[in-house]
Amino acid sequence: MNIASILVKHGNELFKVDAKDEFGVFMHVDGFKIHVRQYDVNLVTGMPLRECYPLIDSLQKV
């Protein structure tokens with residue numbers, strides 16, 4: 001699964017911080033960790049995932 005298929009399936013889900021690391025924050029969706037850099041947290045929190053797409057730093061399978 002890639003970011004496009006996650007956005008199709010979960011695009012309306014609001015970005016909600018699950019955890020933090022030294023570089024930013026992430027949330028878990030459908031077995032994946034979506035990471036956003038620290039300086040973008042205020043922008044993406046509460047936004048639908050489909051609107052956050054340009055600010056997503058990485059996507060990892062967990």
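Q: In what order do the 4 strands of the open sheet come?
A: The order is 1-2-3-4, with antiparallel pairing. The edges are strand 1 (19-20) and strand 4 (56-61), each pairing on one side only. Strands here are DSSP runs of E with at least two residues, helices are runs of H or I with at least four, and both are numbered from the N terminus. Mind that this is a predicted model: local features need pLDDT of at least 70, side-chain atom pairs count only at pLDDT 80 or more, and totals for chains, interfaces and linings use all residues. Residues are numbered from 1 along each chain as its sequence is written, while side-chain values use heavy atoms, leaving out hydrogens and water.

Q: How do you know that strand 1 and strand 2 pair?
A: Two strands pair if DSSP finds at least two bridges between them. Strand 1 and strand 2 have 2 bridges, in the antiparallel sense, so they meet the cut-off.

Q: What makes strand 3 (residues 32-37) and strand 4 a pair?
A: Their 5 antiparallel bridges. Isoleucine 34 has leucine 59 as its partner in strand 4, and phenylalanine 32 has lysine 61. On its other flank, strand 3 pairs with strand 2 over 6 bridges, antiparallel again; there glycine 24 faces arginine 37 and histidine 28 faces lysine 33.

Q: Why is alanine 4 called partly exposed?
A: Buried means under 20% relative accessible area and exposed over 50%, with partly exposed in between (1.4 Å probe, protein chains only). Alanine 4 comes out at 44%, so partly exposed it is. Alanine 4 belongs to helix 1 (residues 3-10), which lies across strand 2 (24-29), strand 3 and strand 4, at about 90° to strand 4. That angle is taken between N-to-C directions of axes fitted to C-alpha atoms, for helices over the stretch in contact, on a scale from 0 to 180 degrees.

Q: What makes strand 2 mostly covered?
A: Of its 6 residues, 5 are buried. Strand 3 gives the count 5 of 6 as well.

Q: What makes aspartate 30 stand out?
A: Aspartate 30 has a positive phi of about 50° although it is not a glycine. Most residues other than glycine have a negative phi. Aspartate 30 sits in the loop between strand 2 and strand 3, and its 35% relative accessibility is why it counts as partly exposed.

Q: Why does lysine 33 count as sitting over the ring of phenylalanine 26?
A: The rule wants NZ of Lys or CZ of Arg within 6 Å of the ring centre and within 35 degrees of the ring normal. The charged end of lysine 33 is 4.5 Å from that centre.

Q: Which residues touch the most other members of the largest nonpolar core?
A: Phe15, Met27, Val29, Ile34 and Leu49, out of 15 residues. Helix 1, strand 2, strand 3, helix 2 (41-44) and helix 3 (49-52) each give two or more residues. Such a core is a set of buried Ala, Val, Leu, Ile, Met, Phe, Trp, Tyr and Cys residues joined through side-chain atoms within 4.5 Å.

Q: What does isoleucine 34 touch?
A: Leaving out residues up to four places away in sequence, its contacts include Ile6, Phe15, Met27, Leu49 and Ile56. Contact means heavy atoms within 4.5 Å.
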